[in-house]
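Visitor: Please bring up the model, and then let us discuss its pockets.

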Amino acid sequence: MGVSLEVWGPYACFSRPEFKSERVSYDVMTPAAARGILESILYKPAIRWVIDRITVYNPVKTVNVKRVERSEIDKRPDFKKVVDSGKKALRNTNALKDVHYRIDAHFEYTDEKGDRDNDGKFLEMFNHRARTGRCFKQPSLGCREFPAFFKLPDPENIPEVDKSLQGSRDLSFMHYDFDYSQGKKKPLYFHAILKDGVLDLSDVKVIS
């Protein structure tokens, strides 16, 4: 039930929750962000995506950008009106630059699984949609302004992990995902170790 997907983009920001007003990105994509990309390509109530591995190909580079964030919800999303009205906040974003990842994942069935649902059905649906560039919404790399481009990996043209990522790098505690089992949105974290550019999530011990 496994799938693989290459994703890349000029910018990304996987926000660290300990920074409130300013956005500061983790060094690599979070499992929650990876799950969101897969769901943007194929979301079905009968399945739940589980991220097994995130491979980082490009060196970790950061850039500071200014972003205008709306402080109030406006029914008419007109940029000039928001700026003129003062209902905005100009904030710094410490983003990643020139990112390229590979997501390896599998799906598990939920209580919504139907009698006609099977492994082959969802695998074929995902691979077909990814192969043809179809998605329910444009996937993003942490922020909507940072679109994620995607494709199925080419087994004959596998990118190489940058030499700067060789060895072991302790990324400290990172956001893993959210737990909705108790009826509330509860964040979960894990101790992230990047080894030779690979964030292995196959045996993660999460904490709340």
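Guide: Helices (H or I, at least four residues) and strands (E, at least two) are DSSP runs, numbered from the N terminus. The model is predicted, so local features need pLDDT of at least 70 and side-chain atom pairs pLDDT 80 or more, while totals for chains, interfaces and linings use all residues. Residues are numbered from 1 along each chain as its sequence is written, and side-chain values use heavy atoms, without hydrogens and water.

Visitor: How much space lies in the largest pocket?

Guide: About 800 Å³. A pocket is an open set of points on a 1 Å grid over the protein atoms alone, where a 1.4 Å probe fits, with protein on both sides within 12 Å along at least five of seven lines. Its volume is the space filled by probe spheres set on the points, which are joined across faces, edges and corners.

Visitor: Which residues are closest to its centre?

Guide: Ala32, Ala33, Ser140, Gly142 and Cys143, out of 27 lining residues (an atom within 4 Å of a point).

Visitor: Which elements supply at least two residues each?

Guide: α1 (31-41), β7 (168-179) and β8 (186-195) do, and α1 gives the most, with 7.

Visitor: And what volume has the second largest pocket?

Guide: About 310 Å³. Of its 17 lining residues, Arg35, Glu39, Arg48, Trp49 and Asp177 are the closest to the centre. α1, β3 (47-56) and β7 each supply at least two residues of this lining, with β3 giving the most, 5 residues.
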